[in-house]
Amino acid sequence: MIAALVVAKAFGTLVLAEAEKFLGVPYVGNTLDKDVNNEAVVCREDGLDCVTFMELSLARARAKITGTTVEQEVKTTRYANLEVSYITRNHYTTSWLVNNANAGRINLLFQNNKGAKPAPNQLDFMSTHADKYPQLKAHPEWIPAIQATERELAKTNLKMVPKDRLTSVAKDLRPGDILCFATTVAGLDYSHVALIAGVKSGRVEFWHASSTQKKVVRDPDLAAYAAKQSKCPGFVFARPIAPR
């Protein structure tokens, strides 16, 4: 048990060490959606959004242990059943969390904590706003498959830590933990993803690709940041597991 704990802490530190290399990298959205006809495993490191920042930091850490390529590790976490297609990409953060938890790549945290509440799972934003997604606009025949995924995600029972309960779990967070901001926007589950950097004097520091600051940044106080996010009711946290 002690050895497993040491390995878990060491891997989180490795994830954060890889994330640190991206601090200051410009924020660039929609880097995965340049080709509406052909899905590819994109691993662009010169421009990141919040999800690709998290994915690449994790993939680079995993690759150092597995000896495989960063591209292969991104493929492993980004696509259901390792099938590279637009339909099988983990578009919703719920899908990313559930698929990677089921595969043993992450542990979902605080799911049984007192005060935890159901995370958003009534998802239909993609299928009801297909015109906002270039691939779905070009391929409306893919929409039923997206709807099927949304129906499956509605069966999930993830729990979130409400914003006013953050202090109760802060001491149990570790560097490299994944942070997901739940949202009350209709049809969506999460609005933002980040990595925990540590807890200092009770304040949770996190790193993220910020669309407002236009780059990957350090943010010293999660509670203060979240207080300004009126549509964020709480958080889901996950801990990366070192590959064997």
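I am working from a predicted model, in which local features need pLDDT of at least 70, side-chain atom pairs count only at pLDDT 80 or more, and totals for chains, interfaces and linings use all residues. Residues are numbered from 1 along each chain as its sequence is written, and side-chain values use heavy atoms, with hydrogens and water left out.

**Helix α3**

I looked up α3, residues 70-78, taking helices as DSSP runs of H or I of at least four residues, numbered from the N terminus. Glu73, Val74, Thr76, Thr77 and Arg78 are buried there, that is, under 20% relative accessible area with a 1.4 Å probe, protein chains only. These buried residues pack against α2 (50-66) and α4 (93-102).

I then followed α2, whose axis comes within 8 Å of that of α3 and crosses it at roughly 120°; axes are lines fitted to C-alpha atoms over the stretch in contact, with angles from 0 to 180 degrees between N-to-C directions. On the α3 side I noted Val70, Glu73, Val74, Thr77 and Arg78 in the contact, and on the α2 side, among others, Leu56, Ala59 and Ala63, contact meaning heavy atoms within 4.5 Å.

**Cysteines**

I searched the whole structure for disulfides and found 0, a disulfide being a pair of cysteine sulfur atoms within 2.5 Å. The sulfur of cysteine 43 lies 17 Å from the closest cysteine sulfur, that of cysteine 50, which is too far for a bond. Cysteine 232 is in no disulfide either, with the sulfur of cysteine 180 the nearest at 11 Å, and at 3% relative accessibility cysteine 232 counts as buried.

Notes: Buried < 20%, exposed > 50% of the residue type's maximum accessible area, 1.4 Å probe, protein only. Helix = DSSP H or I, 4+ residues; strand = E, 2+ residues; numbered from the N terminus.
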